[in-house]
Amino acid sequence: MKWTVVDDYDALSREAAAILLDAIGTSPDLVLGLPTGRTPEGMYREVVRACHGRYHCFRDVTTFNLDEYAGIPPSHSGSYCSYMKRNLLDHVDLQPSRVHIPDGTAAAVLAGNPELSLEHALAEECERYERAIAATAGLGLTILGLGSNGHIAFNEPGSPFDSRTRVVHLAEETLRANAEEFPGERVPERAITMGIATILASRSILILASGEAKREATRRLARERPSPDFPASALRMHADVTVLVDRAAS
Ligand code: GLP
C-alpha cells in the first residue's frame with residue numbers, strides 16, 4: 001500500500017480529483033468504482049470544477065457505485081442515487097447508459113417478474129450488478145471511503161473476503177454515522193453492496209480518509225493483518241492501493 005498524507009481535507013479533495021482525472025486522461029474509457037459518503041464530496045466538487053467547460057471529460061467513462069440502501073427508491077433524497085446526481089451526474093457528461101447504481105427496490109427485476117418476492121428480486125438485482133461489471137473491461141480504478149469500523153462500501157466487520165455484490169445488514173455504528181442523511185426518518189437497515197472480492201478485482205484502488213474520527217481506522221489499516229474483523233484490511237492483499245489521508249486522520 002502506498003500512503004500519501006496531505007495537510008487537510010481540501011488538499012485531500014484536490015489530490016483525489018487529480019488522481020481520478022489523470023486515470024481518465026490515461027484511459028478515456030475507464031471503468032470506475034465510485035464511493036458516496038461525506039469524505040468524497042470534496043473530490044467530486046473538484047472534479048466538477050475541473051471539468052466545467054471542458055467537453056468529453058467523462059464521455060467514454062463507465063461507472064459503478066459501490067453501494068445503495070435497500071428499500072428506498074432511487075428518487076429518495078437519502079439514496080446514493082440522489083447523492084450521485086447532486087455531486088457528479090448532474091454536472092458532467094457521463095452517459096446515463098454507462099452509469100450503474102444498484103437499485104435498492106430492484107424495480108427493473110420486479111417489472112420483468114412481478115411474481116418474485118422482494119427478497120428474491122434484490123438477490124437477482126445483485127447478480128445483475130455483478131454481470132454488468134463482468135460485461136465491461138472490469139473495474140480499472142475504484143475509489144473508497146473508510147468507515148470508522150473499517151467498513152469499505154457497506155462491507156461491515158465479518159464480511160468474507162470472497163464476498164460479491166449482495167444484500168447486507170448495516171452495523172449499529174453505521175446507522176448512527178449515516179443518520180443525518182435521513183432527517184426525521186430511520187436509516188434503512190439494509191443495503192446492496194459490492195463485495196470485498198468485487199472491490200479487490202479492481203486493477204487499482206484509492207482509499208480516502210479525513211478527520212480525527214478516522215484516525216483509529218487508518219491506524220488499524222496500517223498495522224493489522226488481513227482479517228474480516230476489519231474489512232479494509234483486505235486491501236493489504238492488493239498490489240495497487242493508494243491510501244490518501246489528511247493529517248488529522250493520519
Ligand atoms: C458509508 C458508505 C461508505 C463510506 C463510509 C464512510 O456508510 N456506504 O461507502 O465510505 O460509510 O462514510 P463517510 O465518508 O461519510 O465517513
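Which pocket is the space taken by the ligand? Hi everyone, that is where I'd like to start today. In this predicted model, the ligand takes up the space of the largest pocket.

The largest pocket holds about 490 Å³ of space, and 27 residues line it. If you're looking at the structure, find Arg38, Leu146, Gly147, His151 and Lys214, which are the lining residues nearest the centre of this pocket. Helix 6, covering residues 172–177, gives the most to the lining, with 3 residues. By class, this lining has 11 nonpolar, 11 polar and 5 charged residues.

Now for the ligand. There are 14 residues around the ligand, and the ones that come nearest are Arg38, Thr39, His151, Asn178 and Lys214. Sorted by class, that shell has 7 polar, 4 nonpolar and 3 charged residues.

For Lys214, please look at the side chain, where a polar atom is 2.6 Å from a ligand oxygen. Then there is Tyr80, with an N or O atom in its side chain 3.4 Å from a nitrogen atom of the ligand. And how much of the ligand does the protein cover? On its own the ligand has 390 Å² of accessible area, and the protein covers 96% of that.

Last stop, the second largest pocket. About 200 Å³ of space lies in there. Its lining is made of 13 residues, and nearest the centre you'll find Glu41, Ser77, Tyr83, Arg86 and Glu181. Here the element that gives the most to the lining is helix 3, residues 80–89, with 4 residues. The lining of this second pocket divides into 5 charged, 5 polar and 3 nonpolar residues.

To come back to where we began: the ligand's space is the largest pocket, and Arg38, His151 and Lys214 are among the residues that come nearest the ligand.

Terms used. Residues are numbered from 1 along each chain as its sequence is written. This is a predicted model: local features need pLDDT of at least 70, side-chain atom pairs count only at pLDDT 80 or more; totals for chains, interfaces and linings use all residues. Side-chain values use heavy atoms; hydrogens and water are left out. A residue is near a molecule or strand if one of its heavy atoms lies within 4 Å of it. A polar contact is a pair of N or O atoms within 3.5 Å; within protein, one must be able to donate a hydrogen and the other to accept it, and residues adjacent in sequence count only if both atoms are side-chain atoms. Accessible areas come from the Shrake-Rupley method with a 1.4 Å probe; for residues, only the protein chains shown count as cover. On a 1 Å grid over the protein atoms alone, a cavity is a set of points where a 1.4 Å probe fits but cannot get out, and a pocket is an open set with protein on both sides within 12 Å along at least five of seven lines; lining residues have an atom within 4 Å of a point. A molecule sits in a cavity or pocket if more than half of its atoms lie within 2 Å of its grid points. Ala, Val, Leu, Ile, Met, Phe, Trp, Tyr, Cys and Pro count as nonpolar, Asp, Glu, Lys and Arg as charged, and the others, Gly among them, as polar. Grid points are joined across faces, edges and corners, and a volume is the space filled by probe spheres set on the points. Helices (H or I, at least four residues) and strands (E, at least two) are DSSP runs, numbered from the N terminus.
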